[in-house]
Amino acid sequence: MPEQSTLVDIKGLQTYFHLAEGTVRAVDGVDLQIERQRTLGIVGESGCGKSIMSLSMLRLVPPPGKIEEGEILYYKTVKQENGNPSPNLADVINITSLDSNSPVLHDIRGNQISMVFQEPMTAMSPVLTIGKQITEVIEQHQHVSKAEARRQAIEMLGRVKMSRPERVIDDYPFQLSGGMRQRAVIAMALCCRPHLLIADEPTTALDVTTEAQILDLMRNLQAEFGMAILYITHNLGVIAEMAEEVAVMYLGKIVEQTSVKNIFFTPLHPYTRGLLQSIPQLSDAVARHDSKRRLQTIKGMVPDPYARLKGCPFHPRCPEMIADVCDQVEPKVTTPEPDHLVRCHLYS
Amino acid sequence: MSDQASQEVPLLEVTELKKYFPIKRGFLKRTVGYVKAVDNLSLFVNERETLGLVGESGCGKTTAGRSILRAIEPTSGKVMFNDPIMGRVNVADLDDQQLRNVRRSMRMIFQDPYASLNPRMTIMEIVGAPLSAMHIAHGKALEDRIAEILLMVGLRPEYMRRYPHAFSGGQRQRIGLARALAPNPKFLVCDEPVSALDVSVQAQILNLLQDLQADLGLTYLFVAHDLSVVAHICDRVAVMYVGKMVELAPTKELFTSPMHPYTEALMSAIPRPDPRPREKRVLLSGEVANPADPPSGCYFHPRCIFAKDICKNEEPVFEEVTPGHYCKCHRARELSLAGAIELMK
């Protein structure tokens, strides 16, 4: 039985896409727990299933995708007067079993669990003002007047450090820069003080100096609102800055999960190690020699999503593959160190 | 940098390059102002060297790369290039026929692997197009050459009859690279070639670019916003802000002893793959200046914590402060800025 500190408990999630060419097992058996007020980072490259997993949590998987198996349990608590969550459990909701029109699901989306997407321009409607889009969220979840909703929207824009919120509120997305649009999207996601914010690559499309500001903003707001963050990205630098706990995904499964310190200083899974070694570091420039050094790479490529490999899905690219084991038997999850999960035959 | 550099004439020498986009308003489309995308840019690249051009969105680095190749017409300026056939020419002045010739030697690779390949052409048609358009090869010779280039970029020649949709992002970048290398160029503008790729694929493509440079004697102008990538692959780095170059130095020197406050802020902003908390962080306030309506004096002054009155009133000169290290800042000689090592602590 998960402790009171658990906010979302994902058990054995399988989200598949049945296509004419075959079945893509986007999320293939994921167990994950998101703790209250903590930041969990999901790292993985294209096609690992991290985005589909987050969409599954809000039942937003686009057809022909479908949640085939598994449960997503949400431990709902009441909100206190200051908007922050109380520790008292109100309800346990099984998101996977809800009807798609269910008012319970409607209450969760944007209110209990919110999402910030990667491309700020496509996340917002180009034909509505910023203000209209934020107040729409407020009006959906709270019984307040239009004037009050507008006041809250302006306040939220101020909280996300938008310059001149009273003016921006009547602007259209195209009138704002990338950084400002991303702040507007964050304001939209946070206006109802959700208990969990899912951020799917929110800063990838932004310049580095704007990214630094947005990351700083998210950390401050998290402390202020007492919310949990699920931060999804392929950028290991951002993970180091934002996450307390990290899960690494490959081909629909979690292959390693532990504290952010362990991921960087004692990574266990060969894929995690390969990822860390292949990042160019600023320290390279400092230790520069005349002959250029090569980056370590993970050989090969992510396989065809329709391919069904026997054994461990990473084995063809693994520098430490054990013949007749890794290519035959799927590894199970083990805990070789305290609070450090890994899915690899080297540790079973 | 090699000692030969000072004796050689640079392969590419750009002098006071400008690209202004007119802003037209009203019924009669009168020109009311200019977006000064590239404003008086001067740089040089030696043979077999990689010069990095960094800056954020809207700084003009992509426009600069394209103006140098005349993919867009520069407003003014000189682009001197040592073409193997025509000798030293000003690319900005060439007529159509001469331009076609120089395009054998000056090529480009692009950022978006999904937008830069024609989805209705096979790989063979894509990579072969420059060769047939330039009448370099036909028929069997063409096919052989395509096979040769595909192998060089790490792709199997059997793939040449497939269409782009069959390939991943990393493979598509290799195809784009093959297309650029087909006519045996000397100079390549690499416009953010790895930004859209996953980390592990990025590493493969960066290694490939380095290997090809060594094997084929290529020279690169590497346009990017990711300083870690630039630190890895470039010999010298130029930093741009709102159309102007603000600093230029050999890579190691730029990262250990930057002179311009903007450079320091850029380095500080990079998320570092190290979870230990950092002591010193430079967080810039405000937004990047508008190239259609830039601030007075030094464009960076409104965001600069070191700004003085002179910075607001007078545009600084881009000058050589120490040998090989150029900076456009009134206070370059006074400030002591944190380099990458200090920022990493």
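The structure is a predicted model, in which local features need pLDDT of at least 70 and side-chain atom pairs count only at pLDDT 80 or more, while totals for chains, interfaces and linings use all residues. Residues are numbered from 1 along each chain as its sequence is written, and chains are lettered from A and ligands numbered from 1 in the order in which they are written.

## The sheet of chain A

In chain A, eight strands form an open sheet with mixed pairing, in the order β6-β7-β8-β3-β9-β10-β12-β11. Helices (H or I, at least four residues) and strands (E, at least two) are DSSP runs, numbered from the N terminus, and two strands pair if DSSP finds at least two bridges between them. The edges are β6 (113–116) and β11 (333–337) of chain A, each of which pairs on one side only. On average, neighbouring strands of this sheet are turned by 20° against each other, direction ignored.

| Strands of chain A | Sense | Bridges | Facing residues |
|---|---|---|---|
| β6 and β7 (196–200) | parallel | four | A:Val116 and A:Ala199 |
| β7 and β8 | parallel | five | A:Ala199 and A:Tyr231 |
| β3 (39–43) and β8 | parallel | five | A:Gly41 and A:Tyr231 |

Helix α7 (residues 178–190) of chain A packs on the sheet and touches β6 and β7 of chain A, and its direction makes about 170° with that of β6(A). Here contact means that the C-beta atoms of two residues, placed from the backbone, lie within 7 Å; axes are lines fitted to C-alpha atoms, for helices over the stretch in contact, and angles run from 0 to 180 degrees between N-to-C directions.

Is strand β8 (residues 228–233) of chain A mostly covered or uncovered? Six of its six residues are buried, so by the definition 20 or more other C-beta atoms lie within 10 Å of the C-beta atom of each. (A residue is exposed if that count is 12 or fewer, and partly exposed in between.) In a regular strand the side chains alternate between the two faces of the sheet. In β8(A), A:Ala228, A:Leu230 and A:Ile232 point one way, whereas A:Ile229, A:Tyr231 and A:Thr233 point the other way, and all are buried.

## The build of chain B

Chain B has 11 helices and 12 strands. Its radius of gyration (taken over C-alpha atoms) is 21 Å, close to the 20 Å that the globule rule (2.2 Å times the number of residues to the power 0.38) gives for 345 residues, so chain B is as compact as a globular protein of that length. The C-alpha trace of chain B spans about 70 × 55 × 50 Å along its principal axes, and buried residues make up 48% of the 345 residues.

The domain assignment, which is automatic or from a database, divides chain B into domain 1 (3–105 + 185–344) and domain 2 (118–184). The centres of these two domains, taken over C-alpha atoms, are separated by 30 Å. Their contact takes 12 residues from domain 1 of chain B and 11 residues from domain 2 of chain B.

## Where the chains meet

In the contact between the chains, 37 residues of chain B meet 42 residues of chain A. On the side of chain B that touches chain A, the largest share, seven residues, comes from α6(B).
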